[in-house]
Amino acid sequence: MKSIMKLGRMVSLAAACMMVFSAGTLSADQDDDDHGQFHFRSNQYPDFQNKQYPNVYNDLLQPVVTAIDYHTRVIYLFNYENDGLIIVDPLSITGWPGDVPLQHTGVLPGGNVVYITTDNTELHSSYIVALRVDDIDWNAGTVALSVESVLVADNPNTPAELPFVEQVNDKQGVPDWIFGRGTQLHGFTLLPYTNYAYLAEWSADKIRVIDLETNSFASADPIIIPGFTEQTHGVTFNPSGTIGLGTGYYFDNSIIDVYEPNRGTGELQVVGQIQLGDEKRHAAFTHYVYWLDERFALTASMQFDKTSLTLPTTKKIIPPSVWLLDTHEGTATRIIDATKHVNGRGVFRSPSDLTVANGKLYLAEEDSIDPTFGEDGYISVWDLTDRYKPRFIKRMKPGVELPQGYAVAHTISPSADDRYLLIASWVSGYVLKLDTHTDTIVKVWGPADGLVKPHGLFSAGGNR
């Protein structure tokens, strides 16, 4: 577990990234106003031709978002165009490996293959299951799924390898959920314009690599780089797939790891590391990153204060905040500070996820690692016209814009055209559809629809 940058082995990001960007890659100046439009995205679905996966259903991008339920262990399929919902009991699928706890999902742009990851148990390994979508009928609410492959990631009863941590003050809690049940596979991401997908074996400090052509582990799997792959929630790639960023999803991990992917083999080569702050004052516990363009990305920190893992050299943990990452210079700039007030112009709760749509930054602010775990959850909206100085627009609150009792806004999954955001709460049992044109909630799926603890959203056409 590292809390500060390892300067002795740092590679010069400025020099290394000049080599990373090939002659055919867009420059930052060309791409800065792009606001992170992914290469899969199109506003006209009937005209969309998927160049990366030519065998997808009708070669069309599908308006489907996948998820699982922690409690009921079912699979969810949401349709953000017609507000459809299909719930699948995986035990009804021939070849499903057993009654196992589910974790994350992924789906290819054409909606023809869905990936489900599971947690390790005393009787079962952790699995990556590839499901072929043979038929889907949104009107009838039915889907036909077949198991294409079951990848075994470990051995049954493999414990988590997370550092021991304790609470040391009344500002920073250490909830039980952080320790997990054993091996957990998180953060499904796609490497653009290749046949590789990545997952983080978060509790065992590994990156897993899947060959999407064969639905088997790639030759580069597993990737274990001491000092870099610890507590990574996933590696997220810029739109051209030339740089990947890995988060530090654990207490006192203040590092964003920078990788160059080998597009032929799927291997990851270390480029360097970016620290959120410095040795004495730094932010920690990052869940996701969002790429603005080829060079710049955003991340958000969740940790409030010190824990037993905090090094003596650390004078202060910077409270939850948003950071602009420059992968050419290897720097992180804090662009949104914390606030102690629900109407304050800062980050109020831990921002677990973030995305940008229509020039606006959206933060999923969750109440999951402070001492009041699960009491509430918010969605804040920011004007990102000036990426160095975001302007606060509003904070959506439980019982007002959000359902009464809504808590822990954990994951944001944008529709392929960025018109809608699907936002999941695994604590209160809701998935919300937010219209980015009006910044209002236009659809609520919740306990009345059978949702209990939805998690692991992934939208077809996205990279993560």
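The protein exposes about 16,800 Å², and carbon and sulfur atoms supply 48% of that area. Accessible areas come from the Shrake-Rupley method with a 1.4 Å probe, and for residues only the protein chains shown count as cover. This is a predicted model, in which local features need pLDDT of at least 70 and side-chain atom pairs count only at pLDDT 80 or more, while totals for chains, interfaces and linings use all residues. Residues are numbered from 1 along each chain as its sequence is written, and side-chain values use heavy atoms, with hydrogens and water left out.

Of the 464 residues of the protein, 64% count as buried. Buried means under 20% relative accessible area, exposed means over 50%, and partly exposed lies in between (1.4 Å probe, protein chains only). The protein has two helices and 30 strands; these are DSSP runs numbered from the N terminus, with helices being H or I of at least four residues and strands E of at least two. Contact means heavy atoms within 4.5 Å. Among contacts between residues at least 6 apart in sequence, 58% join residues at least 24 apart.

**Nonpolar cores**

A nonpolar core is a set of buried Ala, Val, Leu, Ile, Met, Phe, Trp, Tyr and Cys residues joined through side-chain atoms within 4.5 Å. In soluble globular proteins, nonpolar side chains tend to be buried together. The largest core here has 34 residues, of which W96, I116, L131, F188 and I210 touch the most other members. Strand β6 (residues 127–137) gives the most to this core, with six residues. A second, separate core of 17 residues includes F296, I336, V356 and L361.

**Aromatic rings**A search of the whole structure finds 15 aromatic pairs. Rings of Phe, Tyr and Trp (its six-membered ring) pair if their centres lie within 6.5 Å; planes under 30 degrees apart count as stacked, over 60 as edge-to-face and the rest as tilted. One of the pairs is Y249 with F285, which is edge-to-face at 5.1 Å centre to centre, with 90° between the planes. Y249 lies in the loop between β13 (244–246) and β14 (255–261) and F285 in the loop between β16 (281–282) and β17 (286–291), so the pair ties together parts that are 36 residues apart in sequence. Both Y249 and F285 are buried. Together with W202, Y250 and F251, the residues Y249 and F285 form one aromatic cluster.

R208 lies over the face of F217, at 4.5 Å from the ring centre, and the charged end of R464 sits over the ring of Y288, 3.8 Å from its centre.

**Salt bridges**

A salt bridge is a side-chain nitrogen of Lys or Arg within 4 Å of a carboxyl oxygen of Asp or Glu. The count comes to 18 salt bridges, and the table gives some of them.

| Residues | N to O distance |
|---|---|
| D99 and R73 | 3.2 Å |
| R208 and E201 | 2.7 Å |
| R295 and E329 | 3.9 Å |

In the salt bridge of D99 and R73, D99 lies in the loop between β3 (84–88) and β4 (102–107) and R73 in the loop between β1 (64–69) and β2 (75–79), so the pair ties together parts that are 26 residues apart in sequence. R73 counts as partly exposed, at 26% relative accessibility.

R208 and E201 both count as buried, R208 at 5% relative accessibility and E201 at 2%. R295 forms its salt bridge with E329: R295 lies in the loop between β17 and β18 (296–301) and E329 in the loop between β20 (321–326) and β21 (331–336), so the pair ties together parts that are 34 residues apart in sequence. R295 is buried, with a relative accessible area of 18%. Salt bridges that share partners join E201, K206, R208 and D221 into one network.

**The loop between β7 and β8**

K171 is placed in the loop between β7 (142–152) and β8 (185–190). At 52% relative accessibility, K171 counts as exposed. K171 and T372 are 201 residues apart in sequence and 9.7 Å apart in space, C-alpha to C-alpha. Not counting residues up to four places away in sequence, K171 touches F304, D305, D370 and P371.

T158 is found in the loop between β7 and β8 and is partly exposed, with a relative accessible area of 21%. T158 and D119 are 39 residues apart in sequence and 9.9 Å apart in space, C-alpha to C-alpha. Apart from its neighbours within four places in sequence, T158 is in contact with N120, G182 and T183.

Terms used:
A charge sits over a ring if NZ of Lys or CZ of Arg is within 6 Å of the ring centre and within 35 degrees of the ring normal.
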